[in-house]
Amino acid sequence: MALAVKAMTLVLCWGGICLGLFRAFGGARRTVLSGTLAGFAGGAVLVVALAAAVPATALAATLRGVLAVGFLLLGGVAVTHLYRPAGATLDISGPAAVPPGRWPAVLTSAAAGLVTAAVGGGVLGALPLGPDRLLPGAITLAIGLTLPFLAVAGERRLPVALLLTGEALLALVVGLLLLLSSSSLGLDLFAPLSMKVMKLIHDFIHQFFESMLIPDHPFFRNDVWTYIGYLFSNSVGFWGGLALWLLPPLLLVLGLLRKPLPSVAHIRQGAQRRKLLASFLRARRWQLVVPWLTVLVLAGAVYRSTHPATEYWDPKPVPVSAGADGTVVLPVKDGERDLDDGRIHKFALRDGEQEARFLVVMKPDGRYAVALDACAICQPEGYGQAEGTVICYYCKTLIPLETVGQPGGCNPVPIRFTASEREIRVARQELVNAWVSTVQAGARVPGGKR
Amino acid sequence: MKRLLVVLSRVVTGRRTTPVILGLFLLVYIGVAFFTEEALVTLMMLTRRVPLLLALLAMIPLNLAARLVGDLRLELRRGRALAGHPSGPLDGLFDEEVRLAGEGRLAELEAWLAGAGYRVKRGEERIAAVRGISAAPWRLLFRFGQFCLFLGILLSLTTRAVVREAVIEGEPLPAVAGAGQVQGIRLAAEPGGLILNKSLTVTVAVPSAGGGRLRSFGLYPPGLLNGAFFYPRYLGLAPLVQFHAPDLAGEAGSYYLLMLYPPGREDSATIPGTPYRIVFSLATSPGDEDPFLSGKYVLNAKLFRGEEPVAEGRLPVGGALERNGFRVAVPEVRQLVQTDFIRDSGVLLIWLAAALFAAAVPLALLILLLAPRREMLFRASGQEVIGYSRAEGRVRRHNGVFHEALDLSAPH
């Protein structure tokens, strides 16, 4: 079922990209067709080759980087579009708004095909290619090579007035690629973006308080501080991320709406003036279609990002306590629990009113890792386990299982322990100190964990 | 060289300069965020240290100042043109300029424009028609606010110097604050406060020509002392701690600076030359008044030898805690305020910018929504009529009036 949904997303996205390419380069359909086919096939081959050569996480990070560059490029183009000289007017001359030319068409369509093949491969799970991944790979290739032919026919049925400028084409392609990538945890850009935005807002407000010499929170009214505290919450990261996410297409919309109406003052017949203005406004409405569609597509990507289809392994923390010597002892095998099974096991140690949650996992290299169920950056919402990774529920960062137990970034805070064949031993003081110092230390500062 | 100057002048006055520079800073921020979690702090540090980034940042207030002057000149020229004063070419003053063959018919035009709701001013060969309120003053104030903001940020980044010192009751001021004696520290509840629910008053006796005077410093806005802002950060106590342990000869006694506010916050005092450390916090029960408000202090004390806890208990000021041969006494405490003394020439500019934005933005928006400025100017010259038009809002309706006015002054 999940594979079918992902394949459907690939069909929609790649189909939309092909339609956009054929419409934008209306005079060079054959060139675009060759370019898309070659690009997609090349992309598929490249992904297979890279998947064999580099770890899946590195490949996913590379693809995510490519998508991020595309998104930044779209942002840059949108800002340029907004600041274009005021005299520039809409092109309402014909169906191909992108200037015709062979090489731009070939390069654009090949690049779009290449990236779509790579992202599509990642989404359908073909990145770590192996015998059990042949089916997704084959589906990707089949979809990729069939759709351009269907898009040629479909494009002719689109309204003639629907023009695609270079900016609109870029917005459509980037938007659909981001929608496609949002189906995969490793390729999704929105979650890390909202995390970064939240961190930026937190740091900005902290710096603002410091710069403007504003008193610390104990002097604030509680209700005022509650409102300020809202600026550090998850939802601000989400809404801030959403604003940034939708900004490029919205800037395109704004740029089109801000374009001055053409001067018709020299025309002496009122009817002619009104007719010319009406045709301009009609053309502008059609040009707004793709930027607004991109807004919808990106909103869809946000929905996919915030409602992932993946189910995480997230066991309920088992209450534990320390012995008289201040050590928490965890038997490797205890009833149904087996710490060697490669899955994360969560525990909760109560110390007075505080509870320190931690996890134990046997890593793929056969070594144990013990870490807090929290990192040093995010609010302590804990971790879930997906294939080969753990995910921070708060910021949706994926952490390779191999690196659990190492400090830094959004990794779970590592805890020192000793392990024997029968048990794992952790010092109560170490656990409690780590929890208090890294998880609760920020509780009283703006944006601190709560 | 001349060409370079022209390019530089275009960059300095260009309306895209500031957005492009801000975009570059955004890109640098994104780049930095890949490598560190403290991206904003790192970017601020980089901007201070890398001359290119500093020059780019300095370009923003320069650009805004140039644009402010340009906008002001434009508004003055337009005002003169509409008032009928002799002026040079009108290029760039209006949104639209149309030249039509016709004799003008200014008298009919005057009546018609007045009927359309415009205030009309007629000269010998010209008519100016104006409607609505100009948002230009508020726009210029907003631009000035932007200038102040970025100049403030630049100055703040480059000149800010912070010294953190404890200001203790009954003690002389720290050296950075100049000569003076702290007379008292008082925290009071402010239940009716709009934003803050407490007020802090630090009274300081400072020497002056007449012998000495008292000055008070509160929470906000911060006062200036010896050229530095007095920025109270944390409240604390300076208890006199007397300590005796079974393995120590005699009793150790000293004042310690402890940041214990709000109640529950812990701070520790290490007894010098011994393995002992005492962790203090302010003891409160639910419903108790804030000890800093009541002035009644009871401390929780935990005594450690190395990492090993050896004694624990409540310790009222004026009393002692005795356990297992250990004795901790606190005969007296003094209140203190951990204070940042900040020299920063940008703060006042940023405050000014905030005030300008607060005044300019709502008023400009209100004007643009309710009565946007719309202007027309017609000049008749022989058998030619030149029409100029500009609107800050309700553009389409204004253009319709302009077109009909042109039809009237130069009929087909």
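Student: How many residue pairs are in polar contact across the interface of chain A and chain B?
Tutor: There are 14, counting pairs with both residues at pLDDT 80 or more. The cut-off applies because this is a predicted model.

Student: Which elements of chain A give two or more residues to the side that touches chain B?
Tutor: They are α7 (190-211), α8 (222-230) and α10 (270-306) of chain A. The largest share comes from α7(A), with 9 residues.

Student: And how do the residues on that side divide into nonpolar, polar and charged?
Tutor: On the side of chain A that touches chain B, 20 are nonpolar, 7 polar and 12 charged.

Student: How many salt bridges across the interface?
Tutor: The rule finds 3 between chain A and chain B. A salt bridge joins the side chains of A:R273 and B:D407, at 2.8 Å from N to O.

Student: What area is buried between the two chains?
Tutor: About 3900 Å², and carbon and sulfur atoms give 60% of that. On chain A's part, A:L213, A:F219 and A:R268 supply 21% of the area buried against chain B, more than any other three residues.

Student: How many residues are in contact?
Tutor: Chain A has 39 residues in contact with 47 of chain B.

Student: New topic. In what order do the strands of the open sheet in chain B come?
Tutor: The order is β5-β6-β7, 3 strands with antiparallel pairing. At the edges are β5 (181-189) and β7 (213-217) of chain B, each pairing on one side only. From one strand to the next the twist averages 20 degrees.

Student: How many bridges join β6 to β7(B)?
Tutor: Strand β6 of chain B, residues 198-206, is joined to β7(B) by 5 bridges. B:V204 has B:R215 in β7(B) as its bridge partner.

Technical notes
Residues are numbered from 1 along each chain as its sequence is written. Chains are lettered from A and ligands numbered from 1 in the order in which they are written. This is a predicted model: local features need pLDDT of at least 70, side-chain atom pairs count only at pLDDT 80 or more; totals for chains, interfaces and linings use all residues. Side-chain values use heavy atoms; hydrogens and water are left out. Contact means heavy atoms within 4.5 Å. Buried area is the accessible area (1.4 Å probe) that two parts lose on being put together, summed over both. A salt bridge is a side-chain nitrogen of Lys or Arg within 4 Å of a carboxyl oxygen of Asp or Glu. A polar contact is a pair of N or O atoms within 3.5 Å; within protein, one must be able to donate a hydrogen and the other to accept it, and residues adjacent in sequence count only if both atoms are side-chain atoms. Helices (H or I, at least four residues) and strands (E, at least two) are DSSP runs, numbered from the N terminus. Ala, Val, Leu, Ile, Met, Phe, Trp, Tyr, Cys and Pro count as nonpolar, Asp, Glu, Lys and Arg as charged, and the others, Gly among them, as polar. Two strands pair if DSSP finds at least two bridges between them. Axes are lines fitted to C-alpha atoms, for helices over the stretch in contact, and angles run from 0 to 180 degrees between N-to-C directions.
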